[in-house]
Amino acid sequence: MWEAVVHGIILAFGLILPLGVQNIFVFNQGALQSRFRRALPVVLTAAVCDTLLIAAAVGGISLILLSVEWVTPIVYGAGILFLCIMGWKIWNAAPSEGEARMLSLKGQVAYALSVSLLNPHALLDTVGVIGTNSLQYTGAERWAFAAATAGVSWIWFLSLAAAGRLLGRTDSSGRMIRLLNTASALLIWGIAVYMGVQLWRSF
């Protein structure tokens, strides 16, 4: 049992640590909101989405999707388009007039849903990596593995929002957040290009 838990924790940290569009949005919400609790809807939405994706992958959807050859190219193609759009939005966002700050509660949740459920990396990581890794366990061990990976997501998103809030409090001018948005957009576009190369090589 403990082997499955430790395996899940290490794997989840390895997958979630790289900076991606979901992490960037959660961090920016922590930085842009006037209080930490105002970023909690985004944190909860992202964490719940990750938990549901992990549960679905561990529950067997990985085997179904991976057995269909045309699924991966579609996920990659949609993901490239999604990343290009998100990169453009982040590039144009400014702390004083950023879209994320002006979002209503429903808007924040909807935005968090999009970067969680339409995020190609989240889908590929949960279905292609977490789901397949869970196949070596059965019964309670498999779900302990799933719970460990999901637990890491909850802790990570809370920590990201808290780190963003700390930056928001220390950077009253918004200069650091602008630089972060610029770097984040370039990174997201870089990921899109990399995925495009991978998609091209798969044909």
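A search of the whole structure, which is a predicted model, finds zero disulfides.

**View 1. Two cysteines and their surroundings.** A disulfide is a covalent bond between the sulfur atoms of two cysteines, and the search of this model returns zero of them. Cysteine 49 has a relative accessibility of 4% and therefore counts as buried, the cut-off being under 20%. Cysteine 84, by contrast, counts as partly exposed, because its relative accessibility of 35% falls between the 20% and 50% limits.

**View 2. The chain as a whole.** The chain contains nine helices and zero strands, so that, read from the N terminus, its elements run α-α-α-α-α-α-α-α-α. Of its 203 residues, 46% count as buried, and the chain exposes about 10,600 Å², 70% of which is supplied by carbon and sulfur atoms. Among contacts between residues at least 6 apart in sequence, 88% join residues that are at least 24 apart.

**View 3. The largest nonpolar core.** In soluble globular proteins, nonpolar side chains tend to be buried together. The largest nonpolar core of this model has 36 residues, and those with the most contacts inside it are Val21, Val26, Leu83, Val115 and Phe157. At least two residues of this core come from each of helices H1 (2–16), H2 (21–32), H3 (40–66), H4 (71–92), H6 (105–117), H8 (139–170) and H9 (175–202). Apart from this core lies another, of nine residues, which include Ala4, Ile54, Tyr137 and Phe145.

**View 4. The contacts of valine 26.** Valine 26 is one of the residues with the most contacts inside the largest core. When residues up to four places away in sequence are not counted, Valine 26 touches Val42, Val43 and Ala46, together with Phe157, Leu160 and Ala161.

**View 5. Glutamine 33 between two helices.** Glutamine 33 is found in the loop between H2 and H3, and with a relative accessible area of 8% it counts as buried, because that value is under 20%. The side chain of glutamine 33 is joined to the side chain of glutamine 29 by a polar contact of 2.8 Å.

**View 6. Helix H9 and its buried residues.** H9 has 28 residues and reaches 41 Å from its first C-alpha to its last, close to the 40 Å expected at 1.5 Å a residue. An α-helix has 3.6 residues a turn, so residues three or four places apart point the same way. The buried residues of H9 are Ile177, Asn181, Ser184, Ala185, Ile188, Ile191, Ala192, Met195 and Leu199.

Technical notes
Residues are numbered from 1 along each chain as its sequence is written. This is a predicted model: local features need pLDDT of at least 70, side-chain atom pairs count only at pLDDT 80 or more; totals for chains, interfaces and linings use all residues. Side-chain values use heavy atoms; hydrogens and water are left out. A nonpolar core is a set of buried Ala, Val, Leu, Ile, Met, Phe, Trp, Tyr and Cys residues joined through side-chain atoms within 4.5 Å. Buried means under 20% relative accessible area, exposed over 50%, partly exposed in between (1.4 Å probe, protein chains only). Helices (H or I, at least four residues) and strands (E, at least two) are DSSP runs, numbered from the N terminus. Contact means heavy atoms within 4.5 Å. A disulfide is a pair of cysteine sulfur atoms within 2.5 Å. A polar contact is a pair of N or O atoms within 3.5 Å; within protein, one must be able to donate a hydrogen and the other to accept it, and residues adjacent in sequence count only if both atoms are side-chain atoms. The expected span of a helix is 1.5 Å times one less than its number of residues. Accessible areas come from the Shrake-Rupley method with a 1.4 Å probe; for residues, only the protein chains shown count as cover.
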